[in-house]
Amino acid sequence: MPTPKRTAVVTGGAGYIGSHCVAELRRAGWETVVVDNLVHGHRKAVTGGAFAEGDVGDKRFMESVFSRWKTDVVFHFAGFAYVGESVKDPAKYYRNNVAGGLGLLSAMTKAGVKSLVFSSTCAVYGVPSQIPIPETHPTNPINPYGMTKLMFERIMADFGSAHGLRYVILRYFNAAGADLSGTLGEDHDPETHLIPLAIDSAIKPDSELTIYGTDYPTPDGTCVRDYIHVNDLVEAHLLAADYLASGGASDIFNLGNGAGRSVREIVETVGRVAGKPVRFREGARREGDPPRLIGSSSKAETILGWKPKLTSLDEMISSALRWRIEHPEGYGE
Ligand SMILES: NC(=O)c1ccc[n+]([C@@H]2O[C@H](COP(=O)([O-])OP(=O)(O)OC[C@H]3O[C@@H](n4cnc5c(N)ncnc54)[C@H](O)[C@@H]3O)[C@@H](O)[C@H]2O)c1
């Protein structure tokens, strides 16, 4: 008899990383149910499976999702992720990322769904005192966005004690690139991520990138970040689901490449890969940007068996560039 397919509910599955995760889950034979309110997501980014339009904070709606689909695991990508906006409007972030997540957790508890993989962030660490950053590094977020993610991590632990929830927290560094099929990519509005902005500044005549800060204590004076290809990132989610299914205890894992890339290095690489220079100007530092963020992912490699494959910056940029050239208006919705 064939093994029954596992079913995943993917919140935020119409967004950038969530849509890539859905595609990967389907390639691996999962049934998928995307839950997204399309505040930032795109219906066209959901390339297969079921789609339930609604808000994760709406407990009744989430209960209806879990009563309709017998769910093995929830991947929780839904949330707001603009650091600057979180500073200006913290209530929006606490409401969605913390209170909204409570609706999801309560509905999961009621339905007896006990496995959760959560999209957290390296922003929970704040300004690091150690590079590369291990999971044991103290957490001290310097903006409301990072704090909402840390609070939700804590809430999950409490649901673990009270209701037997088992979870994997994945603290991403900087997601980059696009699915190698060419059908999915990054389409944020507004876009704040460096690689798509640099690509637009190379290929669109009206775009110009601003480099925020050129006097950091780094080799070329610009901020250094750890970029991880989105396909490698989502691969870790499937491994996390397997880990939970085989009885693994709740745990936290960093996901990065362990390699630091400066803003100037990204600008130069985008220009070279695109065959056109990136137009940019140099601006002042932005508040709350740590000079260097590089993660240690050795725990994910050891325990989850995760090994990033698309580690070259050229690969990340060329996949993002291809999608951007073929989809100049993004998903167009
Ligand atoms: N992109 C990165 O580099 C990065 C880094 C660290 C962490 N993360 C986290 O990963 C997750 C996904 O990031 P992304 O870049 O794909 O973001 P995204 O904005 O592209 O996707 C988020 C999706 O969630 C949906 N959503 C938001 N609030 C919702 C709600 N209350 N109910 C239902 N749907 C809701 C949006 O419509 C969107 O489709 C986020 O939680 C983010 O904090 C991203």
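In which helix is the place of Phe-61? Phe-61 sits in helix H2, which covers residues 59–68, where helices (H or I, at least four residues) and strands (E, at least two) are DSSP runs numbered from the N terminus. The structure is a predicted model, in which local features need pLDDT of at least 70 and side-chain atom pairs count only at pLDDT 80 or more, while totals for chains, interfaces and linings use all residues. Residues are numbered from 1 along each chain as its sequence is written.

**Phe-61**

- Phe-61 is partly exposed, with 17 other C-beta atoms within 10 Å; a residue is called buried if 20 or more other C-beta atoms lie within 10 Å of its own, exposed if 12 or fewer, and partly exposed in between, with C-beta atoms placed from the backbone.
- Leaving aside residues up to four places away in sequence, Phe-61 touches Gly-54 and Asp-55, contact being defined by C-beta atoms, placed from the backbone, that lie within 7 Å.
- Between the C-alpha atoms of Phe-61 and Ala-157, which are 96 residues apart along the chain, the separation is 24 Å.

**Surroundings of the ligand**

- There are 29 residues around the ligand, and Gly-12, Gly-15, Tyr-16, Gly-41 and Gly-79 come nearest; a residue counts as near a molecule or strand if its C-beta atom, placed from the backbone, lies within 6 Å of it.
- The elements that give two or more residues to this shell are helix H1 (16–27), strand E2 (31–36), helix H4 (90–111), strand E5 (115–121) and strand E7 (174–176), and the largest share, three residues, comes from H1.
- By class, the shell around the ligand holds 12 nonpolar, 15 polar and two charged residues, where Ala, Val, Leu, Ile, Met, Phe, Trp, Tyr, Cys and Pro count as nonpolar, Asp, Glu, Lys and Arg as charged, and the others, Gly among them, as polar.

- The domain assignment gives domain 1 (7–176 + 227–255) and domain 2 (194–225 + 259–305 + 307–326), with bounds that come from an automatic or database domain assignment; the centres of the two domains, taken over C-alpha atoms, are separated by 24 Å.
- Domain 1 gives 26 residues to the contact and domain 2 gives 22 residues; on the side of domain 1 that touches domain 2, E7, strand E10 (227–229), helix H7 (230–245) and strand E11 (251–255) each supply at least two residues.
- H7 gives the largest share of that side of domain 1, six residues, and the side as a whole has 19 nonpolar, five polar and two charged residues.
- Ala-240 touches Val-117, Val-168, Leu-170 and Leu-304, not counting residues up to four places away in sequence.

- H4 has 22 residues and reaches 31 Å from its first C-alpha to its last, close to the 32 Å expected at 1.5 Å a residue, the expected span being 1.5 Å times one less than the number of residues.
- The buried residues of H4, among them Tyr-93, Asn-97 and Leu-104, pack against strand E1 (7–11), H2, strand E4 (73–76), helix H3 (83–88), E5 and helix H5 (144–163).
- In H7, 14 of the 16 residues are buried, so this helix is largely enclosed by the rest of the structure; Gly-247, which follows H7, has a positive phi near 95°.
- Val-263, Ile-266, Val-267, Thr-269 and Val-270 are buried in H8, and the buried residues of H8 pack against helix H6 (194–203), strand E8 (209–212), strand E12 (261–262), strand E13 (280–283) and helix H10 (313–326).

**Backbone details**

- A cis peptide bond with omega of about -5° joins Ile-131 and Pro-132, and Pro-132 is placed in the loop between E5 and H5.
- The peptide bond from Asp-189 to Pro-190 is also cis, with omega near 5°, and Pro-190 is placed in the loop between E7 and H6.
- Leu-38, a residue other than glycine, has a positive phi near 60° and lies in the loop between E2 and strand E3 (50–53).

Definitions and conventions. Two residues are in contact if their C-beta atoms, placed from the backbone, lie within 7 Å.
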